[in-house]
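Below is a short briefing on one protein chain, arranged by topic. Please keep the sequence and the model side by side while reading.

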Amino acid sequence: MAPLRWIRRHVACNASFWGLIEYGCGPLIALAAIPVLLHRLDTVGYGQYAMILAVAGFGNLANLGASVTATKLVAERAHEPGGALRGAGVASALIFCALAAVSVLTLAAAVMFAVAWPEASFGNAPLFALLPAALAMYLAQQLDQLYAGALKGRERFTATALCECGGRVGALTLACTAAWLTHSALWTAAAQSSGLLLSAGVKMLVFARGEGRYGVRPIAERAAMKDAFRFSRWSWLHGVSALAFGSLDRVAVGSLMGPAALALYAVGVQVGQIIHTAAVAVFQKTMPRVNRLLVAPPSPGAAGEEIRRLMRWNLILSAAGTLALLAVSEPLLRWMLGPDKVAGQQWTFDLLILASGILSMNAAAHFSLLGLGNGRAVALLNGLGGAAMLVLMVVLAGPAGQNAAAIGRIAYAVITFAAVGLALRDSREHLPPPATIATR
């Protein structure tokens, strides 16, 4: 019994363990849902579903970092009586304003397409119908992230991870059920949005009950919201710089290569995301750890040594994960797409996995740069990598076909891998000077 109590006590308090659960459950659950969605929606329908998710990502143009903002405001007020609930209220008011602006613009665009260009479509779905579906997905995602951030601000990592896993299972179960019954990408997206909205409600209730309430009331105080915006604008900048990687790439693939190519691209990215998500989950603690070692180093050069140690482990684990996934990529692709749809797809699929593997190798470096205060480099690398990816997709779409999508994604990964070199350079400033050799 004593060993079991020791394991239970240490697992319950291990933020890294619950971080791995939180970050890992989403891709794994989504991966398990792919065969069902592909089978019931067919390739074109799944491509439409992927396009809805991609268009939802354009909300990042007005994304103030719901999760990060809520985490900061709740954490910095948690020591005050009722401070955590007040921080969540201010964060909610700020995020709701941004969501309202996105809703007005998206609905106006949908009306414009319906009136001026009603025949515009993707596959057999009209664009004016895809836009509201993407908006619903974006709003549900933002609310879900908002209250997940509030829980993290209270350092309730166990509750966050359990709610995240339960929410993802529920949302994709509803999506798969809708796909099974309707064969419609629009109804599938609507069902998934409903599941995410329910997940957001559960997270809000769990957070509020910890503060002795049953809900979070938005607090629209101009001064508090202005202070919050000063912080959240940097989250907005990072979201905009990463837009190419999460949305524009899918729009480019779908418009240049068609729904079938987009379906393969979405599947390959989802599989490769397992490696990247695992790296992020394991090394997400790098930022606060490096920051702490800079402020109060236990020994000279502790921060620099820690950065190098974590990056070595990152490279080893990411390389091993990439090789393992490539070893099983052929049966994995056959299982997900079906044996009748894999002809000519394997090379593109493997390149997409390789791209995710290379990208995952800079997770520790990415968080190290943030810990060292060099967030500007992170944003610039993301922006440069995203631009290079889109240019290559457009230029190579003709000669390389669907492989252009994978080549562009590899370019993004290689450029952002420069973060490793920057982190090594910056870490040298925090290493102890070389020992001098005494001479007679």
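Leaving aside neighbours within four places in sequence, Ser92 is in contact (heavy atoms within 4.5 Å) with Leu146, Tyr147, Val216 and Pro218. Ser92 belongs to helix 4, residues 83-116; helices (H or I, at least four residues) and strands (E, at least two) are DSSP runs, numbered from the N terminus. This is a predicted model, in which local features need pLDDT of at least 70 and side-chain atom pairs count only at pLDDT 80 or more, while totals for chains, interfaces and linings use all residues. Residues are numbered from 1 along each chain as its sequence is written, and side-chain values use heavy atoms, with hydrogens and water left out.

- Ser92 is buried, with a relative accessible area of 0%; buried means under 20% relative accessible area, exposed over 50%, and partly exposed in between, with a 1.4 Å probe and protein chains only.
- The side chain of Ser92 reaches the backbone oxygen of Ala88 at 2.7 Å.
- Ala208, in helix 7, is likewise buried, with a relative accessible area of 0%.
- Not counting residues up to four places away in sequence, Ala208 touches Arg213, Tyr214 and Gly215.
- Tyr147, one of the contacts of Ser92, has its C-alpha atom 9.7 Å from that of Ala208, although 61 residues separate the two along the chain.

- Asp42 has a phi near 70°, a positive value in a residue other than glycine.
- Asp42 sits in helix 2, residues 15-56, and is partly exposed, with a relative accessible area of 42%.
- His183 also has a positive phi without being glycine, with a value near 60°.
- His183 lies in the loop between helix 6 (157-182) and helix 7 (185-210), and counts as partly exposed at 46% relative accessibility.

**Nonpolar cores**

- The largest nonpolar core has 89 residues, and those with the most contacts inside it are Tyr46 and Phe207; such a core is a set of buried Ala, Val, Leu, Ile, Met, Phe, Trp, Tyr and Cys residues joined through side-chain atoms within 4.5 Å.
- Helix 2 gives the most to this core, with 15 residues.
- Apart from this core lies another, of 14 residues, among them Met311, Ala365, Val378 and Val420.
- Not counting residues up to four places away in sequence, Tyr46 touches Ile34, Leu37, Leu38, Leu41, Ala263, Ala266 and Val267.

**Surface patch**

- Leu256, Val391, Val394 and Val395 form a nonpolar patch on the surface, together holding about 350 Å² of accessible area.
- Patches are made of residues with over 30% relative accessible area and no salt bridge, like charges being joined within 9 Å and nonpolar side chains (Val, Leu, Ile, Met, Phe, Trp, Tyr) within 5 Å.
- A salt bridge is a side-chain nitrogen of Lys or Arg within 4 Å of a carboxyl oxygen of Asp or Glu.
- Helix 16 (residues 375-400) gives the most to the patch, with three residues, and Val391 is placed in that helix.

**Whole chain**

- The chain has 18 helices and two strands.
- Buried residues make up 50% of its 440 residues.
- Among contacts between residues at least 6 apart in sequence, 82% join residues at least 24 apart.
- The chain exposes about 20500 Å², of which carbon and sulfur atoms supply 68%; accessible areas come from the Shrake-Rupley method with a 1.4 Å probe, and for residues only the protein chains shown count as cover.

Conventions:
Polar contact = N/O pair within 3.5 Å; in protein donor to acceptor, adjacent residues only side chain to side chain.
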